[in-house]
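Subject: Structure handover

Hello,

Here is the structure I promised to pass on. Please open it first, then read the notes below it.

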Amino acid sequence: MPDSDTLAFADRPADSVGLVTPHIAQFDTPLALACGKVLPEYELIYETYGTLNAERSNAVLICHALSGHHHAAGYHSPADRKPGWWDAHIGPGKPIDTNRFFVVSLNNLGGCHGSTGPVSHNPETGRQWGPDFPMVTVSDWVASQARLADHLGIERWAAAVGGSLGGMQVLQWTITYPERVANAVVIAATPRLSAQNIAFNEVARQAIRSDPEFFGGWYAEHDTVPKRGLKLARMVGHITYLSEDAMGSKFGRDLRSEDLSFGFDVEFQVESYLRYQGDTFSTAFDANTYLLMTKALDYFDPAAAADGDLAQALAPAQCPFLIVSFTTDWRFPPARSRELVDALVRAGKAVSYANIESPHGHDAFLLPEPRYEALFSAFMNRTARELGLEETR
Amino acid sequence: MRADLELIYDWVPQGAHVLDLACGDGALLESLARDKNVTGYGLEIDPQGITQCVARGVSVIEHNLDDGLGSFGDRSYDQVIMTQALQALRRPDRMLDEMLRVADEGIITFPNFAYWRHRVYLGLRGYMPVSKSLPHAWYDTPNIHLSTFNDFEQLCREKGLVIVDRAVGVGERRGHWTSKWWPNLFGEIAIFRVRRRER
């Protein structure tokens, strides 16, 4: 996640969801995965914001991106320096208005923030799952999210919403469970990764796997983590999240000190920033999870199941779509969103598309921006009106 | 609704599948969907228009008409509507081809440059016309291809198109009898319904 403005809990604005507590749902029914393996049992950690109405018709699912998690809005404790990763868009009066909607945000399977994943205990071996954790795909995530919906008694989401990899999950929802999604919001996503996207992911994976501290994924048993690998992976990933202009205006060629040192220590501000981002990430994120999540990205290609015809793949979808891209996003550029829009049009689906002017590259989906807010709010308000939702508080 | 939109509303058949180019705030598509079961999409480039469409529940796609209609399939719509945008396009003639590629019928409206008030402005006063239908100054107008009722008829003839219907609007109203007889002189807004000649 990028820097969002730091906001101490004490100074939080009135449109914050405030203090939130995560919940854990346990599932004993085995989950058959796309890779052929079966997960006998698992847990999903999730948070909710707002109030579920009596008809259970106002629930909104938030699907997270590559390094995201369940903590999308609010604060875990008054000591928190930063709110959840999508706090700009979730809260009272915000686009996903918690006065109307009941928001569910989970950490996906294979994650490292509390849902069953590589850092969890493997009941069959008594060890940590580590690299033995089965490969999970976007379809597997959606299947597990559907079970979470069952667990919460939610028959149909008022909307499924996600950015980047989260948007791909939303897309998969409309294909796998069309009758369970009333509206779909797909932001800064793509119907499939390009060769260049996969190439960047592979560099990230190689950085991790070639770290001597990786130990074939069993680093935990050696009481270590492949910090250098994770750091490099994050650094290269981070470059793709920002636009050239954003990086230029944020750092330019600024130096940390006045004179050139003619050495390889940090000299330029951008080097310092990337190292800081990498360092922070390398101690906070699990390497095996990162490997899994990048693979889930690479494998996602719903059109493949329909002989490459995306419109055919999307034929089951029933809900209206809002597709949003950002002008300077070169990770998943506007053209990829437009591909998706064109396929939805060919399939005769209700779809709206906007390409938002923003200097922030791929990260723009996380940040507040007046046009983005207005559009997102318009779609969500329309959703609330269509479903006859009233304020729940 | 604007006078030209009211007329178009009548020309769109029940249950038609339409594409509305430069759909603005989506008012036409909304009422067509609500009252006549019309389906389809609006294309728009203005951010505010797009947000208004979304608020109304009208399917709108951000699209620059100067890029053509490449992604829309041949004869995939019953009608393509384009109100007050022809004059702002880089190549209006090509857009006409595109419209009649994706649909059998096109409805087009544009400001008639030969409207008598415009003639007075230019012919007698010697200034570029500024009016309700042409509200911009010459230096900041988006209207780069102004034309007349007659010009458009001529283009249709050259392209071998059939003019199914034509009408004019004046101000907020549909044209009155003078504009029926002399549309090129008394029509402020030209409104055409055209089809490809059947082969």
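**Where the two chains meet**

The rule finds one salt bridge across the interface of chain B and chain A. A salt bridge here is a side-chain nitrogen of Lys or Arg within 4 Å of a carboxyl oxygen of Asp or Glu. Its partners are Glu62(B) and Arg371(A), with the closest N and O atoms 2.8 Å apart.

Before the rest, some ground rules. This is a predicted model, in which local features need pLDDT of at least 70 and side-chain atom pairs count only at pLDDT 80 or more, while totals for chains, interfaces and linings use all residues. Residues are numbered from 1 along each chain as its sequence is written, chains are lettered from A and ligands numbered from 1 in the order in which they are written, and side-chain values use heavy atoms, with hydrogens and water left out.

Back to the interface. In total, 17 residues of chain B are in contact with 21 residues of chain A (contact means heavy atoms within 4.5 Å). The size of an interface is often given as the accessible area lost when the parts come together. For chain B and chain A the buried area is about 1500 Å². That is the accessible area (1.4 Å probe) that two parts lose on being put together, summed over both. Carbon and sulfur atoms give 52% of it. Three residues stand out: Tyr41(B), Val54(B) and Glu62(B) supply 36% of the area that chain B buries against chain A, more than any other three residues.

Polar contacts cross the interface too. The rule finds 13 residue pairs in polar contact there, both residues at pLDDT 80 or more. Such a contact is a pair of N or O atoms within 3.5 Å; within protein, one must be able to donate a hydrogen and the other to accept it, and residues adjacent in sequence count only if both atoms are side-chain atoms.

Which elements give two or more residues to the side of chain B that touches chain A? They are helix 3 (47-56) and strand 3 (60-62) of chain B. Helices (H or I, at least four residues) and strands (E, at least two) are DSSP runs, numbered from the N terminus. Helix 3 of chain B gives the most, with six residues. By class, this side of chain B has ten nonpolar, five polar and two charged residues. Ala, Val, Leu, Ile, Met, Phe, Trp, Tyr, Cys and Pro count as nonpolar, Asp, Glu, Lys and Arg as charged, and the others, Gly among them, as polar.

**Salt bridges within the chains**

Over all chains, the search finds 27 salt bridges. Here are some of them.

In chain A, Arg205(A) and Glu202(A) pair up at 3.2 Å, N to O. Both lie in helix 3 (residues 195-209) of chain A, three residues apart, about one turn of the helix. Arg205(A) is buried, at 6% relative accessible area, while Glu202(A) is partly exposed at 33%. Buried means under 20% relative accessible area, exposed over 50%, and partly exposed in between (1.4 Å probe, protein chains only).

Helix 9 (residues 334-346) of chain A holds another pair, Glu339(A) and Arg336(A), three residues apart. Their closest N and O atoms are 2.9 Å apart. Glu339(A) is partly exposed at 26%, and Arg336(A) is partly exposed at 24%. Arg192(A), Asp301(A), Arg336(A) and Glu339(A) are linked in a network of salt bridges.

In chain B, Glu30(B) and Arg56(B) meet at 2.7 Å, N to O. This pair links distant parts of the chain: Glu30(B) is in helix 2 (residues 27-36) and Arg56(B) in helix 3 of chain B, 26 residues apart.

Glu373(A) sits in helix 10 (residues 370-386) of chain A. Glu373(A) is buried yet has no salt bridge. The nearest side chain of opposite charge, Lys94(A), is 7.9 Å away. For charge, Lys and Arg count as positive and Asp and Glu as negative; His and the chain ends are not counted. What does the side chain of Glu373(A) make a polar contact with? The partner is the side chain of His89(A), at 3.0 Å. Not counting residues up to four places away in sequence, Glu373(A) touches Ala88(A), His89(A), Pro95(A), Leu367(A) and Pro368(A).

Best wishes
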